[in-house]
Amino acid sequence: MLKKYWKILTIFILLCLAIVIPQIKMSQLEQREISAQIANEWDSSGKSVFLSSYFAEQSGITVKHIYELDAQVRKSLITNGEAEPKTTYSYSGCSEVSVQNKDIQMEVTAIGVGENFFYFHPVSLLSGSYFYPEQQGLDLVIIDQNLAWVLYGSDNIVGMSIEIGGKPHRIAGVMKWEKSGLQKRAGYNKPLIFMSYPSLKGMDETLSVTACDVLMSEITSGFGKTTLKSYLETNMGLRENQYDIVNHTKRLKKSSLKSALEQMKYNSMKTKQLSYPYWENMSRYVRDECARLLCVQMVAERITVLILLWKVMQLWRTGKFERIKFSNICKQVWRWKERVRTGVVNKKQNTPDENQAA
């Protein structure tokens, strides 16, 4: 009987693999995507949301606006019944600066960070530790491994000093440099340093906040995003094409992946006046990859169902379906178990020489 239906069985097994393998791959991608896990780590009740807002450089967003945004979020939570509103936030901006150590000078990408930036974006460190500008001072920096080797010929340089824009800064940590074509496409294609936003602002007066992260209680579905959207448009006068709000908590949920799949055909169209930082571009790649895997999984599931329905219809037409009863299946299983128990199956598998020896 197996020989008769081997083609169908082979197709069915391949389709099952097409369902299982994408699910395994998606699980691996979800574990790598730290941003999707932060809200649950911050609040294990599952009632919090991690939102990021990205702004066009021409928007002129300042640190003062971010403070006001945080105050507005807290006020909204209190108004909606939160006696002790629980929130935390960070912000960042990007510029180009000159880094120097003795006779070596380089132009690098600098990301100015404030508040709890490294809680939201825990970059991989080879040595040293993260820093909090407001608590530990404004002269601390984290540089990537590639820049460390160019400047010092080593990555064990925590505590040493470099000049950025002509001002001395102490190295708090060295970030791992990953030679990945994906990272280069995401925007991480030059040596990179993280420094305090006020320090970078002192070197570049045109610097503005281009990214803001918020962790807050999600009283009702969509509450956080609605609150941010209302403040950005009403209080700050931003137009819809000048900002983007991303919900990291739901980004890899099936409903969000289906939505991303539907919007994928429009990815080549640019309707917003902003560019995303490399970590957001990396997250978008993970989301799109998960969406593609989900598409493969959904197609395989539908084909499997169609094959099963076709087989049932075939049995129905030939009259064999009526003979397939639950009681008969149970009897067949019971008989097989009895044969195994009594050794009948094992005897049939013995070779002629083994039977003669017995």
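Analyst: Two axes count as roughly parallel under 35 degrees, roughly antiparallel over 145, roughly perpendicular from 65 to 115, and oblique otherwise. The structure here is a predicted model, in which local features need pLDDT of at least 70 and side-chain atom pairs 80 or more, while totals for chains, interfaces and linings use all residues. Residues are numbered from 1 along each chain, and side-chain values use heavy atoms, without hydrogens or water.

User: At what angle do the axes of H3 and H9 cross?

Analyst: Axes are lines fitted to C-alpha atoms, with angles from 0 to 180 degrees between N-to-C directions, and helices are DSSP runs (H or I, at least four residues). The axes of H3 (residues 63–79) and H9 (residues 223–235) come within 10 Å and cross at roughly 135°, and the two helices are therefore oblique to each other.

User: Which residues make the contact?

Analyst: With contact meaning heavy atoms within 4.5 Å, H3 contributes His65, Glu68, Leu69, Gln72, Val73, Ser76 and Leu77, and H9 contributes Phe223, Thr227, Leu228 and Tyr231. Six of these contact residues are nonpolar (Ala, Val, Leu, Ile, Met, Phe, Trp, Tyr, Cys, Pro), one is charged (Asp, Glu, Lys, Arg) and four are polar (the others).

User: What lines the largest cavity?

Analyst: A cavity is a set of points on a 1 Å grid where a 1.4 Å probe fits but cannot get out, and lining residues have an atom within 4 Å of a point. The largest cavity is lined by Ile66, Leu69, Asp70, Val73, Tyr89, Cys212 and Val214, of which six are nonpolar, none polar and one charged. H3 gives the most to this lining, with four residues.

Methods. On a 1 Å grid over the protein atoms alone, a cavity is a set of points where a 1.4 Å probe fits but cannot get out, and a pocket is an open set with protein on both sides within 12 Å along at least five of seven lines; lining residues have an atom within 4 Å of a point.
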